[in-house]
Amino acid sequence: MNEKVINNPLEDEAIYIFREVAGQFDKPVILFSGGKDSITLVRLAQKAFYPAKIPFPLLHIDTGHNFPETIAFRDQLVEELDLELHVHYVQDNIDAGNVQEESGKYASRNMLQTDSLLQAIEKHGFDACIGGARRDEEKARAKERVFSVRDDFGQWDEKNQRPEVFDMLNGRIDFGQNVRVFPISNWTELDVWSYIQKEKMEIPSIYFAHKRKVFERDGMIWSAHDEYVFREDDELVVEKIVRFRTVGDMSCTAAVESLAFDIDKVVEEIAASSISERGARIDDKRSEAAMEKRKQQGYF
Amino acid sequence: MVGNKNKVLKLSTAGSVDDGKSTLIGRILYDTHSLTDDKLEAIERSSKQKGYDYLDFSLATDGLVAEREQGITIDVAHIYFSTPNRSYIIADTPGHVEYTRNMVTGTSTSQVSIILIDARKGVIEQTKRHFFINNLLRTKEIVVAVNKMDLIDFNQEKYNAIVEDFQSLISGSDYQDQNITFIPVSALHGDNVVDKSENLAWFKGETMMEHLENIRLEDIQEEAKARFQVQTVIRPKTEEFHDFRGYAGKLKGGELKVGDDVTVLPSGRKSQIKSISFFDQQYLSASKGSSITITLMDDVNVSRGDLIVKSEELPKESKSIMAKICWMDNKPLEAASTYFLQHGVKLVKSKVKSINHKISTDTTGATEKVSQLNMNDLGLVEIQLAQPIHFDAYDENKGNGAFILVDTKSNTTAGVGFIL
């Protein structure tokens, strides 16, 4: 028998949020990408409802451009925890002509995920979608609520958000609306990594240093996987020891050179890092540029 | 250094751009090496373009600046940084006169408030409002940062005069349990924010970051009785845990131990705590803030929203409450209107019986007879409930003494209340 429960404010808060979802909604779902943040979510959900199993299914919007290691990891986790998994394929939507594949050098399916997500929400009638987004990731996210209400079209009205006072979460919605829930809103990237370390959690192998065929473009390291990632003839493939800091699609996630072969080294590396994690996301680079432009217009 | 990540200190700041609030936050981020290279480069570039011979740190929180320039609704933003000692979360609430609502929101989730004063202007209306709201919410730890000391030549007499002015506010306040610390700083040049300043050699106290780093959580935690509100009932229905019936919640105040005599409210049924667990581990006790699961010795009926308390520490029970309310909705609060009252996780239908008066948010606490409360107004109201709730006065237990009012049509959070 242990003496006294040790407080971990971020963990206690996340568990509290998960339990509020169970208490306030009929059909919640955990958005699961196979990345470290969604793996952390699953761990927290496990803790929130133990010894019962997690009372929500997982939803994966599969772009078809995933790292195979992530998919293998996902399937193993689902089996271990006896969870229900829904997979919606972006490819299905492309085939049906609902969305159009991007073309060109920077083509990615990242933007196409939204349509598949909204379809999944409508099809299953999900009223709460639990995601692993964090406020420290990005400026607009810094203002998002823990319970973030979306209208019938999945839109976020940032100017008209419900105030969240103390720890009281108001999840009342009308039929057709849904709420996005962010239990790890207040965690930083380092908090997530430290937690993975402390909990000795399994994560996909691509987060650790490994040999990979890559090529360089715009000062970033891209995975040389010609089937999914467009590569110019003069962009030469080389082998490097790299790891990934975030796990998105192959077509929008850059690698970093690293010798961090285990979790302790990864945490050390993150703690000492002077570039934010979105520096390695090609999709974020896009929107960063757009945001910068707006900013310049405002300033000058 | 990573091992300390369990420690989090939540701060809130309020003030207008002119007070140098963005600059102060930017300075803290810079001097604690919390800014990434990409952001620093952007700050250097932009400062140069503007022709400054110093770095414009307000750009570190530029999301807010842009917002203000575009004139859209200003809101609470969250900023994160850490030192080797612990993590910090700043709830940054832009503080124009009309933003009482945002100040209340930001302050409600923080343990320490930083009140910013422009040394050239001294104590102004805005300062009084901010202090008043901190008193209303019973914030224990307050740092009064007298900023822009460089613009008054780091003059000690002028600083002392501001401190004296502020102290007269304290003597008029109805909450005397605060720790208030005054610190002269220049956020722009970094004097006394993180590093000690020669310009302020006459000041013998700690720098702002030194002070924040030395705040001990056990000193600012409220002393309150244990209140355990059930969020969800855990019934695994597996072979191994066939008869398991656990009550999951986050303990507000105090401590619970295995063997404690407890009462379940509203039923009033008595039992004893059989087990306390966190995930797959069993514990003998748990204290405030822990998200635990407990089981009881007897098979009593407990459901979401029920309150489990020690039998010798019963809370108040009533279908009628008096509360101070901060109104947050565009639609004004009027007498006889109905709302859902959310007390912790429990939802009860309620009716505003009367609006007794509106309270001025300066420190005079002056009252005024009104027929409605508008957004950002503060008032004293009497509320009638469809079922009784089990509460403490806000002064005695913040978690069990606060509530929100939810609009029954729009579903929005329309106001926050503090029970007397």
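1. Helix α4 of chain B. In this predicted model, α4(B) covers residues 100–108. Its buried residues are Thr100(B), Arg101(B), Asn102(B), Met103(B), Val104(B), Thr105(B), Gly106(B), Thr107(B) and Ser108(B). Because 9 of the 9 residues are buried, the helix is largely enclosed by the rest of the structure.

2. What covers α4(B). Which elements lie over the buried residues of this helix? Among the strands of chain B that cover them are β1 (8–15), β3 (87–94), β4 (112–118), β16 (316–327) and β24 (413–419). The cover also includes the helix α5 (125–136) of chain B.

3. Positive phi at Arg138(B). Most residues other than glycine have a negative phi. Arg138(B) is not a glycine, yet its phi is positive, at about 60°. Arg138(B) sits in the loop between α5 and β5 (141–147) of chain B. Arg138(B) has a relative accessible area of 12%, and therefore counts as buried, the limit being under 20%.

4. Positive phi at Asn376(B). Where in chain B is Asn376(B) found? Asn376(B) is in the loop between β21 (372–373) and β22 (378–391). Asn376(B) is not a glycine either, and has a positive phi of about 75°. Asn376(B) counts as buried because its relative accessibility is 16%.

5. Cis peptide bond in chain A. Most peptide bonds are trans. The bond from Tyr50(A) to Pro51(A) is cis, and its omega is near 5°. Pro51(A) is located in the loop between α2 (36–49) and β3 (58–62) of chain A.

6. Cis peptide bond in chain B. Which residues of chain B are joined by a cis peptide bond with an omega of about 15°? They are Leu265(B) and Pro266(B). Pro266(B) lies in the loop between β11 (261–265) and β12 (269–278) of chain B.

Definitions and conventions:
Residues are numbered from 1 along each chain as its sequence is written. Chains are lettered from A and ligands numbered from 1 in the order in which they are written. This is a predicted model: local features need pLDDT of at least 70, side-chain atom pairs count only at pLDDT 80 or more; totals for chains, interfaces and linings use all residues. Side-chain values use heavy atoms; hydrogens and water are left out. Buried means under 20% relative accessible area, exposed over 50%, partly exposed in between (1.4 Å probe, protein chains only). Helices (H or I, at least four residues) and strands (E, at least two) are DSSP runs, numbered from the N terminus. Contact means heavy atoms within 4.5 Å.
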